[in-house]
Amino acid sequence: MSTVFERELEDLKGKVLKLGSMVEKAISDSIKSLVERNSKLAADVIDKDPQVNAIDVEIDEECIRLIALRQPCAGDLRLITTAMKITTDLERIGDLSVDICERALELNEEPPLKPYIDIPRMAEIAQGMVRNALDAFVKRDSALARDVLTRDDMVDNLNLQVFNELLFFMIQDPRTVSRAVKITYISKYIERIADHATNVAEMVVYLVEGKMIRHMAVPGAN
Amino acid sequence: MVKARAIKEMLLFNMLRLAVIIIMLSFFIVLYFLAIHGLKVLSIPFLIEMPRSGMTEGGIMPAILGTFYLTLGSIIIAFPMALFTAIYMTEYAETRSKIMQTVRIAVNTLVGVPSVVYGLFGFAIFVKVFGFGVSILAGSFTMAVMLLPILIRATQEALLAVPNSFREASFAVGASKWQTIKRVVLSSSAPGILTGIILSISRAAGETATIMFTAVTFFTLSLPDSIFSEVMALPYHIYGLMTEGAFPEKQVPIAYGTTLVLVLLVLSLSLTAIILRINLRRKRKW
Amino acid sequence: MSEKGLKELKSEVKNLNFYYGDVHALKNISLPIERRKVTALIGPSGCGKTTFLRCVNRMHDLYSHNRYEGEIILYPEGINIISSSIDPIEIRMQISMVFQKPNPFPKSIYENVAYGLRVRGIKKSQILAEKVEKSLRGAALWDEVKDRLNNSAFDLSGGQQQRLCIARALATNPRILLFDEPTSALDPTATSKIEELIIQLKDEVTIIIVTHNMQQAARVSDYTAFMYLGEIVEHDKTDKIFTAPSNKLTEEYITGRFG
């Protein structure tokens, strides 16, 4: 086993984790910018997105290089291919955080509609899913990864709840429509973030167990 | 530093060259010496006529013929036995068994036994006990016994030189042991075996002590008519001419001539062996 | 281990144990060999893969103090080929082997291929010529040598010599063809020609190949068995072994962490 290759694999994992933490921060910052009505923070998150994309590209190129030059097999091969796929999901999460920030910027110009309760809760769950999925990736803990999959339902349900609540607002008072719709978007974005976190977790299960469980029904899902 | 090493290299190289030159020189000096003394006697009649007038004139034909018969006889007797023994030792026997170790020691020892010992042995057994008398038969058997260890070893070397991968390849295609030996081992080692035979022939041609008590006499009236006849032989003829002749002025040159014939015979046999080996090797190179 | 129908198996190894004198070299080997597929044996040096291969064509019978226990069943007859009541020469007439270092005989190209046939008593030159051509074509060598069949086999390059050895092995229509690290002495171009040949040949004959080059096993085989210290550690379809092996030892070997 080449020590160079060992080091390259460690570096790869490190890069994925770095991307993960950047993206996690983007999620929390984006929600913060909404709840605290901090437009500067939102603008910051948007500015930092190119960095996220750059690391995504860097990781992809490194993975291709490793496949070409090291002919990885078995566990190493799965590590490299899952790293490529996980990165894609993480980058998408980054983009979704940017979307949240853009909506936040708009909402911050208008008077607040109602206190945000469910949205931060959703975001917290989603962020936790991302963090746990990445932990599972590093620790090769497939039980933790499977646990992440179960939380997706909670986020889906909260999304539905938010939507119904805002629908009620919009029916009551048409002047709230502009703001309400933007908030439903944000809720949708968070729900999508949770979906991407689920993808990451499924890839981690493949990495550890060698079994593809993507696109299979998770017990308890609706 | 470098200069000293270069000088040492050059010195060594020239020492080696000198050794080779000395050897070549000795060889040519011997030949030259023989030629000077013997050439004047050498002629076609010399080779095909019977000796006359008490070995002072005439030819050495019976000696040539005698050497020929003895050599042929000994090879015919020795070779098949040597071949089978060598095949058994290399292809069949357990190399590490006590019996095989004993056989190997025996063969290696016998190679070094002086030929006069074989001569006495042959005298006791073949001439006396078997009752062949002093004859071509007794001489051939005696010579065969002497050649056996040499032939066995030469044949064995040739067989051992065949790489085991050939044998395995043959077995892996479904050949039996004997088929493998016949078709692969023997055909590959034929050049080596042939060389062994030819070198044995040239050894046999020059042997004196082995045939002294068992086959030869100094003078026969006629050419041998059966395998029970005594014969003359080239080496013994030389010995006889130099020690028992009454007319040295005539006989010494004849001795030199005979020596020349013998040397040329052995030389040409060796050359044949080399040429044959080169030719056969070319077809089988591996 | 053999849930497959008998139709799909060419051979089955059951609890094979092998001893070099007192050394227990192969321990309870059980392995199915699928018909007309390539089964590869991989493992670190000394793991017993070549020892096992040489059990299949009873090469160990040529040397003394070797002992087999257990069974290697050949289908469809269902006989145990390592039983002492079976003549090893009979086995070797149906199971051929190609060795690590090309070892053509010091004979002509034609005679090399014809050797196995002559040894079985086939003498008619027309039959021999046909079979020689068929075997040389089967070994992808015919076009390169058809004009010089009487030349010495040693005029050929290393890769060609190995293909000649394959032709020689094919000439006798073997039921199983054994390869013992067939390309380890060859350059990459010759190696890839032989690998392609093996992939073609498996449509006609069951193949078992021992290789120390894992990528070769990955390229060429349908099933792979990983051996270690005289035992089979894991046996499965090649793609499973190389993407997600079940056994940790297998994973470590394949990713190069030992051996």
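1. Buried residues account for 48% of the 259 residues in chain C. This is a predicted model, so keep that in mind throughout. The radius of gyration of chain C is 18 Å, and since a compact globule with 259 residues would have a value near 18 Å, the two agree. Its C-alpha trace spans about 55 × 40 × 35 Å along the principal axes. Of the contacts in chain C with a separation of 6 or more, 68% are between residues 24 or more positions apart.

2. On confidence, chain C has a mean pLDDT of 91, with 97% of its residues at 70 or more. The stretch to treat with care is residues 1–5 of chain C, where the pLDDT is below 50. That stretch has 7 contacts in the model beyond near neighbours in sequence. For the model as a whole, the scores are ipTM 0.90 and pTM 0.81.

3. Chain C contains 10 helices and 10 strands. Four of the strands make an open sheet with antiparallel pairing, in the order β2-β1-β4-β5 (chain C). The edges are β2 (23–34) and β5 (79–80) of chain C; each has a single partner strand, so one side of each lacks a neighbour in the sheet. Helix α1 (residues 49–56) of chain C packs on this sheet and touches β1, β2 and β4 (66–74) of chain C. The direction of α1 makes about 65° with that of β2(C).

4. Within that sheet, strand β1 (residues 9–20) of chain C runs antiparallel to β2(C), and 8 bridges join them. If you want a pair to click on, Ser11(C) has Ile33(C) as its bridge partner in β2(C).

5. The other sheet to look at in chain C is open too, with 6 strands in the order β6-β7-β8-β3-β9-β10 (chain C) and mixed pairing. Here β6 and β10 (231–237) of chain C are at the edges with a single partner strand each, so one side of each has no neighbour in the sheet. Neighbouring strands are turned against each other by 20° on average, ignoring direction. One parallel pairing in chain C is between strand β7 (residues 176–180) and strand β8 (residues 206–210), joined by 5 bridges. Phe179(C) has Ile209(C) as its bridge partner in β8(C).

6. Some backbone geometry deserves a check by eye. Most residues other than glycine have a negative phi, and most peptide bonds are trans. The peptide bond from Tyr75(C) to Pro76(C) is cis, with omega near 5°, and Pro76(C) sits in the loop between β4 and β5 of chain C. His65(C) has a positive phi, near 70°, and lies in the loop between α1 and β4 of chain C. With 11 C-beta neighbours inside 10 Å, His65(C) counts as exposed. Ala140(C) also has a positive phi, about 55°. Its place is the loop between α4 (125–138) and α5 (142–145) of chain C, and with 18 C-beta neighbours inside 10 Å, Ala140(C) counts as partly exposed.

7. Which pair of chains has the most contacts? Of the 2 pairs that touch, it is chains B and C. Chain A and chain B do not touch, and their nearest C-alpha atoms are 34 Å apart.

8. Now the contact of chain C with chain A, which involves 10 residues of chain C and 9 residues of chain A. On the chain C side, the elements giving two or more residues are α9 (238–243) and α10 (248–254) of chain C. By class, that side has 4 nonpolar, 4 polar and 2 charged residues.

9. Finally, chain B. Of its 286 residues, 36% count as buried, and its C-alpha trace spans about 70 × 65 × 35 Å along the principal axes. Chain B has 11 helices and 2 strands, following the pattern α-α-β-β-α-α-α-α-α-α-α-α-α along the sequence. Among contacts in chain B between residues at least 6 apart in sequence, 75% join residues at least 24 apart.

How values were computed:
Residues are numbered from 1 along each chain as its sequence is written. Chains are lettered from A and ligands numbered from 1 in the order in which they are written. This is a predicted model: local features need pLDDT of at least 70, side-chain atom pairs count only at pLDDT 80 or more; totals for chains, interfaces and linings use all residues. Ala, Val, Leu, Ile, Met, Phe, Trp, Tyr, Cys and Pro count as nonpolar, Asp, Glu, Lys and Arg as charged, and the others, Gly among them, as polar. Two strands pair if DSSP finds at least two bridges between them. Axes are lines fitted to C-alpha atoms, for helices over the stretch in contact, and angles run from 0 to 180 degrees between N-to-C directions. pLDDT is the predictor's confidence in each residue, from 0 to 100. A residue is buried if 20 or more other C-beta atoms lie within 10 Å of its own, exposed if 12 or fewer, and partly exposed in between; C-beta atoms are placed from the backbone. The radius of gyration is taken over C-alpha atoms; the globule rule is 2.2 Å times the number of residues to the power 0.38.
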